[in-house]
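Subject: Structure handover

Hi,

My notes on it follow below.

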Amino acid sequence: MFVLARYLLMPFALIAVILFLMASHIIATSLHHQAAWQRTVATVTDVSPYSEMQANGLKTDGIDVALAYVANDAPTTWSGKGKDVGLYTAAKGDRIEFYYDPADPSNLDTAAMKGWRGGLLLLAVTGGFVAFYVWFFWLRGRNAPPTSPMMSAATRMSGARQQQSGTFGRH
C-alpha cells in the first residue's frame, strides 16, 4: 500500500514542482522589473469594451485602453488590450502606476506592482508539499539498519543484549 501511494501521488508532486518553478519565475520577473525598470504614472485616455469568440466557442470580454505617460523624459502613448498590461477594469481619466523598460518604453508592466506576494504563497504550498512527499515517500527510513524478515524476534533480542554487554557489561 505504501508503494502504491508513493506512485499514485507522483503526478501531483510533479505538478507541484512545475507550479513551484512557475511561481519562482513570476517572483523573479517581478523583482527584476522593480529593480531595473523605471516607474511612471499613466493616464487612461480612452476605454472601450470588446468581446471576442475563441475557437472553442467561448466568449472573452475585455477592454481596449489607450494610455498616455512620460517615459525617458518624453511623452509616450500606448494602446491595446488592457490585459496585455495588466488592466482588466479602467475608466477614462484613471491614473495608474506602471513600470516601463527603459530600452523599450512601450513595454509596460503592472504585475511588478501588484500581487506578486501570491506567488510567495504558491511557492510555500507547493514547495512544502514536494519536500514532504520526497521526505515521506523516498527518504524516510533510509538510515535505519536493515533487518532480515527471516530473523526471529528472540534472535534480535539476544543480539541486542550481546551488544549491550560489550565493554561495561558483565562477562
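Predicted model: local features only at pLDDT ≥ 70, side-chain atom pairs only at ≥ 80, totals over all residues.

Strands. Strand 2 (residues 59–71) and strand 3 (residues 74–81) are antiparallel partners, joined over eight bridges. Together they make a hairpin, with two residues between the strands. N72 sits in that turn and has a positive phi of about 55°. Within the pair, L67 of strand 2 stands opposite W78 of strand 3.

Helix 3. This helix covers residues 117–139. It has 23 residues. From first C-alpha to last it reaches 31 Å, close to the 33 Å expected at 1.5 Å a residue. Which of its residues are buried? They are G119, L123, T126, V130, Y133 and F137. Their spacing has a simple background: an α-helix has 3.6 residues a turn, so residues three or four places apart point the same way. Helix 1 (2–8) and helix 2 are among the elements that cover these buried residues. Just after helix 3, G141 takes a positive phi of about 85°.

Nonpolar patch. I15, I18, L19, M22 and L122 form a nonpolar surface patch of about 420 Å². Helix 2 (residues 10–36) gives the largest share, four residues. L122 lies in helix 3.

Best regards

How values were computed. Residues numbered from 1 in each chain as written. Heavy atoms only, no water. Patch = residues over 30% accessible without salt bridge, like charges linked within 9 Å, V, L, I, M, F, W, Y side chains within 5 Å. Areas by Shrake-Rupley, 256 points an atom, 1.4 Å probe, with all protein chains shown as cover. Salt bridge = Lys/Arg side-chain N within 4 Å of Asp/Glu carboxyl O. Pairing = 2+ DSSP bridges. Expected span 1.5 Å × (residues − 1). Buried < 20%, exposed > 50% of the residue type's maximum accessible area, 1.4 Å probe, protein only. Contact = heavy atoms within 4.5 Å.
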